[in-house]
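Hi there,

Here is the structure I promised to send you. Have a look at it first, and then read my notes below.

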Amino acid sequence: MAKTKYDYDAIVIGSGPAGEGAAMKLAKSGKRVAMIERHSSIGGGCTHWGTIPSKALRHSVSRLIEFNANPLFSRQDTPLHLKFSDILDHSQSVIRRQIKLRGSFYERNGVPVLHGEASFKDKHTLKFVRDDGSSDDITAAQFVIATGSRPYRPKSIDFNHPRVYDSDTVLSLKHDPRSIIIVGAGVIGCEYASIFRGLGVKVDLVNMRDRLLSFLDTEISDALSYHLRNSGVVIRHGEEFAKVEGFDDRVVLTTESGKIMQADCLLFANGRSGNVESLQVGNVDLQPNGRGQLEVDDNYRTSTDNIYAVGDIIGYPSLASAAYDQGRFAATAMIDGKCEKKLITDIPTGIYTIPEISSVGATEEELTAKKVPYEVGRAQFKHLARAQIADTQVGCLKLLFHRESRKILGIHCFGERAAEIIHIGQAIMEQKGKGNTLDYFIDTTFNYPTMAEAYRVAALNGINRVDG
Ligand SMILES: Cc1cc2nc3c(=O)[nH]c(=O)nc-3n(C[C@H](O)[C@H](O)[C@H](O)COP(=O)(O)OP(=O)(O)OC[C@H]3O[C@@H](n4cnc5c(N)ncnc54)[C@H](O)[C@@H]3O)c2cc1C
Ligand SMILES: NC(=O)c1ccc[n+]([C@@H]2O[C@H](COP(=O)([O-])OP(=O)(O)OC[C@H]3O[C@@H](n4cnc5c(N)ncnc54)[C@H](O)[C@@H]3O)[C@@H](O)[C@H]2O)c1
């Protein structure tokens, strides 16, 4: 029916991971699908302003630190210095490669990408406005809203000032700041604090809460605070900003507690808002919440039956990793009426600070509050041969397991490659019944020397605590 009545079976709005996941699944299922993207190239905020550039910047900084610390490479008297603009060049080249790669997916799967801004006229019609101002109406049986999010900008801060940035505009920072104030110590604030500090920039990290990344296991968040402070970052907890003043030569932050900080520039990284305004969702009876997010049911369907929403626009978990899966699940529901598959309960976190952090499952605090009899098995990276060889000795792997059943309940890791290391444990943790026990790590043979060996070391350490 859709084939004759509408231009497309489905239109996806937004080409980030959520939209891409939906578009590819729909196309592979034989649907006539189009992608609408208002940016000049595809990939979404993830590729252009979020995940990819920040991870590429972080990678360059991490290698720089490693190079300067390694006596084999760094024989000169002064350490190698890189400017933010130098590492931006590298991140731009990664973005270009990503665009090319992702573009090929659309081409191979016969999904036209229409560049322009979409807004709803009614539940089957979009107004599509191109950059040159020309517009068309496009119709479809079903829609996927995957328009993502953008940095939250409090009205009291002048983001037009050339020294005031958010996580999007910081990517156009041209000069080489000697100092930066980062307001907001969420994931973005902490990751950028690591990046700038790694380049030798003086960093003031202003946190509204009483500790860093309070959703993490306390030991891990304490370790992050220690290592950031140890590298020279000044962290100020429990502060609210009162005003930000931009001058020709500096920017000044005054906090509610009366502290005054000044620096070459300021990065505001405290919260995100959904990209919903331009969509005119009122025309299809949808009402976003105060953060511009849309509500969906278990199948990612909004309250308007032919319109689905995925990714940052629906709020938690607001991760590229989950967004792609959400897109696929929504597309399945659009095709079959429902999707049996759901996001896993224990979504892992990968935080690309220096040191890197990753975790999956319960924290010690959560298990204690629930009175679960758990034990801890720990491996320090400094005791692993591979970490000694690679000189990545900062870090630790912590396994939390049930004392009696030995079921793994939580895994917490910090140090180089933590985000990769976590997935070994996750694979066991996701096994049902007896498939998930600490014994797997004791009974298996690991390649040697590897970082994976940390699992055996941690498991034996934990078992020794239980068995005495
Ligand atoms: C600095 C930073 C670092 C991050 N690091 C990580 C990380 O390490 N790991 C991780 O998992 N997640 C990370 N994230 C989060 C991740 O980037 C997002 O969760 C992810 O991009 C969300 O994907 P999405 O598809 O919902 O939206 P997006 O990737 O934001 O894409 C939405 C697209 O929709 C388009 N659009 C919006 N409105 C319209 C319209 N009306 N018409 C047409 N097109 C429109 C936009 O132009 C954009 O291209 C990070 C985010 C930031 C900001
Ligand atoms: N490695 C990673 O996985 C990674 C890296 C960077 C960013 N991210 C994603 O980006 C986001 C991080 O954003 P953040 O660092 O700004 O921290 P955050 O999302 O923790 O927000 C910081 C504070 O701002 C508040 N807030 C959020 N949105 C708001 C809004 N629209 N208006 C007013 N207050 C608001 C929050 O309640 C919180 O107190 C998260 O969604 C995270 O999933 C992930």
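Before we start, a word on naming: helices (H or I, at least four residues) and strands (E, at least two) are DSSP runs, numbered from the N terminus. Please also keep in mind that this is a predicted model.

Let's begin with ligand 2. Which residues come nearest to it? Of the 18 residues around ligand 2, these are Tyr-152, Gly-186, Ile-188, Gly-271 and Ser-318. Helix H6 (187-198), strand S16 (272-274) and strand S18 (349-351) are the elements that each give two or more residues to this shell. H6 contributes the most, with four residues. Sorted by class, the shell has seven nonpolar, eight polar and three charged residues. At least three of its residues come from domain 1 (8-151 + 273-336), and at least three from domain 2 (164-270).

Next, the record. An unreviewed UniProt entry carries the annotation "binding site" for Gly-184, Ala-185, Gly-186, Val-187, Ile-188, Gly-189, Cys-190, Glu-191 and Gly-271. These residues span 88 residues in sequence, yet no two of their C-alpha atoms are more than 14.1 Å apart, so they gather at one spot.

Is Ala-185 buried or exposed? Ala-185 counts as buried because it has 28 C-beta neighbours inside 10 Å, where 20 or more are needed. Gly-186 has 18 other C-beta atoms within 10 Å, so it is partly exposed. Leaving aside neighbours within four places in sequence, Ala-185 is in contact with Cys-190, Leu-205, Val-206, Asn-207 and Leu-212.

Phe-84, Ile-87, Gln-98, Arg-102 and Tyr-106 are buried in H5. An α-helix has 3.6 residues a turn, so residues three or four places apart point the same way. The buried residues of H5 pack against helix H2 (17-28), strand S2 (33-37), helix H3 (44-48), helix H4 (51-69) and strand S3 (113-115). After H5 comes Gly-110, which has a positive phi, near 65°.

Enjoy exploring!

Best wishes

Methods
Residues numbered from 1 in each chain as written. Chains lettered and ligands numbered in written order. Predicted model: local features only at pLDDT ≥ 70, side-chain atom pairs only at ≥ 80, totals over all residues. Near = placed C-beta within 6 Å. Nonpolar A, V, L, I, M, F, W, Y, C, P; charged D, E, K, R; others polar. Domains from an automatic or database assignment. UniProt positions renumbered as here; feature names shortened; annotations may be inferred. Buried ≥ 20, exposed ≤ 12 C-beta atoms within 10 Å, placed from the backbone. Contact = placed C-beta atoms within 7 Å.
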